[in-house]
Amino acid sequence: MDGRNHSIVSQFVFLGLTNAWGMQLLLFVFSFLFYFASMMGNLVIVFTVTLDAHLHSPMYFLLANLSVIDMLFCSIIDPKIICDIFEKHKAISFCGCITQIFCSHAVGGTEMVLLIGMAFDRYVAICKPLHYLTIMSPRMCLYICVTSWIIGLIHSLVQLAFVVDLPFCGPNVLDSFYCDLPRLLRLSCTNTQELEFVVTVNSGLISVGSFVLLVISYIFILFTVWKHSSGGSSKALSTLSEHIIVVVLFFGPLMFFYTWPSPTSHLDKYLAIFDAFITPFLNPVIYTFRNQEMKVTMKRLCSHLMHYRKIL
Ligand SMILES: *[C@@H]1O[C@H](CO)[C@@H](O)[C@H](O)[C@H]1NC(C)=O
């Protein structure tokens with residue numbers, strides 16, 4: 001490490017979104033509320049699924065896992081953004097920046113693979129309903145979860161392996177409010193064009209690849225349903241529409257972010273807000289307000305809680 005003197009830059013500085021006080025206040029309120037709501041909503045999902053035996057089915061286990069991932073995802077960058085809003089000098093240490101990149105890519109990659117697992121779960125439920133419980137055994141669920149984490153970690157490690165030794169010899173201002181790879185690469189004092197390509201391919205591959213896979217599987221499922229459409233599949237179909245909404249909202253901004261040729265426009269800064277604050281919040285909204293079973297269970301758990309309070 002010493003010989004390479006790999007970095008004079010010991011911290012990076014974010015430009016943030018705005019310096020106008022009114023806008024900062026608005027951003028603060030907005031981001032704080034969304035962060036708080038995401039954490040609460042996802043916690044409620046995890047508790048509901050864990051506590052209620054009616055929801056002990058593969059679909060809900062995977063959903064609870066998605067909620068855990070969402071909570072991790074927004075906790076990696078959101079608190080730092082919120083604390084920074086009113087700071088004049090928004091700084092992050094070199095290690096902090098690398099950690100942010102590593103964790104957000106690991107968790108983000110995991111979420112993508114888990115979404116594929118959830119699509120597979122819907123495929124089995126809708127297309128092979130009689131074999132659902134044998135195919136989606138507890139072991140299979142665990143397998144899906146573990147695989148998602150392994151792939152997410154590998155994706156992130158590969159990404160980082162290219163970056164960690166880059167020399168940074170002066171410029172340290174990121175026109176952003178969190179550390180992301182495309183912007184970080186630009187600050188390095190070597191030619192990073194090839195690296196940018198590797199990063200785009202790696203992130204692009206996992207996001208576009210997962211998205212295409214998901215779209216194909218959903219089309220396949222819809223086609224199967226349409227071919228033998230019967231009353232019984234309508235419930236399964238309604239859970240499917242929730243998944244499709246989540247997938248489009250999650251991948252839309254990400255794919256734009258990593259495959260758009262010039263990440264210097266302001267649009268991607270705002271899209272990044274979408275992924276950092278709104279997507280983790282939308283999952284619980286979509287899954288709880290649109291899902292009858294979930295709503296009923298929450299009501300039941302609530303009334304149990306009330307009951308216990310009366311006894312105490
Ligand atoms: C995640 O999935 C595994 C495997 O099905 C399950 O055992 C676990 O309870 C899930 N996690 C949560 C928080 O529900």
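## Basis and overall form

What percentage of the 312 residues of the protein count as buried? The share is 48%, where buried means under 20% relative accessible area, exposed means over 50%, and partly exposed lies in between (1.4 Å probe, protein chains only). The model is a predicted one, in which local features need pLDDT of at least 70 and side-chain atom pairs count only at pLDDT 80 or more, while totals for chains, interfaces and linings use all residues. Residues are numbered from 1 along each chain as its sequence is written, and side-chain values use heavy atoms, with hydrogens and water left out.

The protein has ten helices and three strands, these being DSSP runs numbered from the N terminus (helices H or I, at least four residues; strands E, at least two). Read from the N terminus on, the order of elements is β-α-α-β-α-α-α-β-α-α-α-α-α. The radius of gyration, taken over C-alpha atoms, is 22 Å and thus close to the 20 Å that the globule rule gives for 312 residues, so the protein is as compact as a globular protein of that length; the rule itself is 2.2 Å times the number of residues to the power 0.38. Along its principal axes, the C-alpha trace spans about 65 × 50 × 35 Å.

## Contacts, surface and charge

Among the contacts with a separation of 6 or more, 80% are accounted for by residues 24 or more positions apart, contact meaning heavy atoms within 4.5 Å. The protein exposes about 15900 Å², of which carbon and sulfur atoms supply 73%; accessible areas come from the Shrake-Rupley method with a 1.4 Å probe, and for residues only the protein chains shown count as cover.

The protein carries 18 positive and 17 negative charges, and their mean positions are 12 Å apart. Here Lys and Arg count as positive and Asp and Glu as negative, with His and the chain ends not counted, and each charge is placed at NZ of Lys, CZ of Arg, CG of Asp or CD of Glu.

## Nonpolar cores

The largest nonpolar core has 57 residues, and those with the most contacts inside it are Leu114, Leu115, Met118, Phe251 and Phe277; such a core is a set of buried Ala, Val, Leu, Ile, Met, Phe, Trp, Tyr and Cys residues joined through side-chain atoms within 4.5 Å. The elements that give two or more residues to this core include helix 1 (21-51), helix 3 (94-127), helix 7 (193-227) and helix 9 (267-289), and helix 2 gives the most, with 13 residues.

Not counting residues up to four places away in sequence, Phe251 touches Met112, Leu115, Ser207, Ser210, Phe211 and Leu214. A second, separate core of 20 residues includes Ile92, Ile98, Leu174 and Leu187.

## Individual residues

Leu184, placed in helix 6 (residues 181-187), counts as buried at 1% relative accessibility. Once its neighbours within four places in sequence are set aside, Leu184 is in contact with Phe12, Cys97, Ile98, Ile101, Val163, Phe168 and Leu174; Ile101 is 83 residues from Leu184 in sequence, and the two are 9.8 Å apart in space, C-alpha to C-alpha. Phe120, found in helix 3, is partly exposed with a relative accessible area of 32%, and, leaving aside neighbours within four places in sequence, Phe120 is in contact with Ile135, Met136, Met140 and Ile144. The C-alpha atoms of Phe120 and Phe12, 108 residues apart along the chain, are separated by 41 Å.

Leu271, in helix 9, is partly exposed at a relative accessible area of 22%, and touches Pro253 and Phe256, not counting residues up to four places away in sequence. Ile219, which lies in helix 7, is exposed, with a relative accessible area of 52%.
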